[in-house]
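Hi,

Here is the structure I said I would pass on. Have a look at it first, and my notes on what turned up follow below.

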Amino acid sequence: MSDLLRDDAGTAVLLGSSCGGCGRPSFPRSDVCCWCGRPDPDPVELSTTGTLWGWAVVHSAPPGYAGPVPYGMGVVELPEGLRVVSRIDVADEAALTQGRPVRLVVVELPTGDPEDPVLRTWEAAPC
Ligand SMILES: [Zn+2]
C-alpha cells in the first residue's frame, strides 16, 4: 500500500520505528532515530486506536484537492505517546471532542488524476 501504513481488512496500521537506544517510537519509519540519532531503529506497527487531541473542519476544498468536503484534519495521540496528523471523519461533527477514542481506518480519496485516480490513506473515525 505504502511505506506509511498497512491495510489490515480496512484497519490502518501505521508503520513506525522504535529505537533500541533511547526507547522512543517514531513515525514514519526512518533509518535513524529522530530523537537521539542512533541508526537502524527497529520497525514496529503502531496502535490502531488513539484519542483525538485536536482538529479543524475544512469546508472549502483547497486547490488540487478532489476529495469530499467537509473533511477534518487533526492530531491523534497514540498509546505509544506519539501524536500523528490525520484526516478526521467528520460525519458526526458534534460528536468530536478532545480525548474521544478513535480508530484508524483506510480510506480511498479521488485524486483527479486519470492515470492514478485513487489515493489510499488513513482517517481517524470515532470508536
Ligand atoms: Zn533514539
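Aspartate 40 is in the loop between β3 and β4, and its phi is near 55°, which is a positive value in a residue other than glycine. Keep in mind that this is a predicted model. Aspartate 40 has 13 C-beta neighbours inside 10 Å, so it counts as partly exposed.

Proline 70 sits in the loop between β5 and β6 (71-77).

Alanine 9 is another residue other than glycine with a positive phi, again near 55°. You'll find alanine 9 in the loop between β1 and β2. Buried or exposed? Alanine 9 counts as exposed, because it has 5 C-beta neighbours inside 10 Å.

The C-alpha trace spans about 45 × 40 × 30 Å along its principal axes. Of the 127 residues, 21% are buried. If you take contacts between residues at least 6 apart in sequence, 47% of them join residues at least 24 apart.

Now for the pairing around β2. Strand β1 (residues 5-8) runs antiparallel to strand β2 (residues 11-18), with four bridges between them. In that pair, aspartate 7 is opposite alanine 12 of β2. The hairpin of β1 and β2 has two residues between the strands, and alanine 9 is where the positive phi falls.

β2 also pairs with strand β4 (residues 42-45), antiparallel and over four bridges; here serine 17 has proline 43 in β4 as its bridge partner. Then there is strand β3 (residues 25-26), which pairs with β2 in the antiparallel sense over two bridges, with serine 18 standing opposite proline 25. The hairpin of β2 and β3 has six residues between the strands, and in it glycine 23 takes a positive phi near 80°.

Arginine 24 is in that loop between β2 and β3 too. It is partly exposed, because 16 other C-beta atoms lie within 10 Å. Leaving out residues up to four places away in sequence, arginine 24 touches Cys19 and Trp35. What about arginine 24 and glycine 50? They are 26 residues apart in sequence, and their C-alpha atoms are 17 Å apart in space.

Last, the inside. The largest nonpolar core has 16 residues, and those with the most contacts inside it are Ala12, Leu14, Leu52, Val76, Val84, Leu104 and Ala124. Two or more residues of this core come from each of β2, β5 (49-58), β7 (83-88), β8 (101-110) and β9 (118-126). Which residues does leucine 52 touch, not counting those up to four places away in sequence? They are Gly74, Val76, Leu96, Gln98, Gly99, Arg100, Val102 and Ala124.

Cheers

Note on methods: Residues numbered from 1 in each chain as written. Predicted model: local features only at pLDDT ≥ 70, side-chain atom pairs only at ≥ 80, totals over all residues. Buried ≥ 20, exposed ≤ 12 C-beta atoms within 10 Å, placed from the backbone. Contact = placed C-beta atoms within 7 Å. Pairing = 2+ DSSP bridges. Core = buried A, V, L, I, M, F, W, Y, C linked by C-beta atoms within 7 Å.
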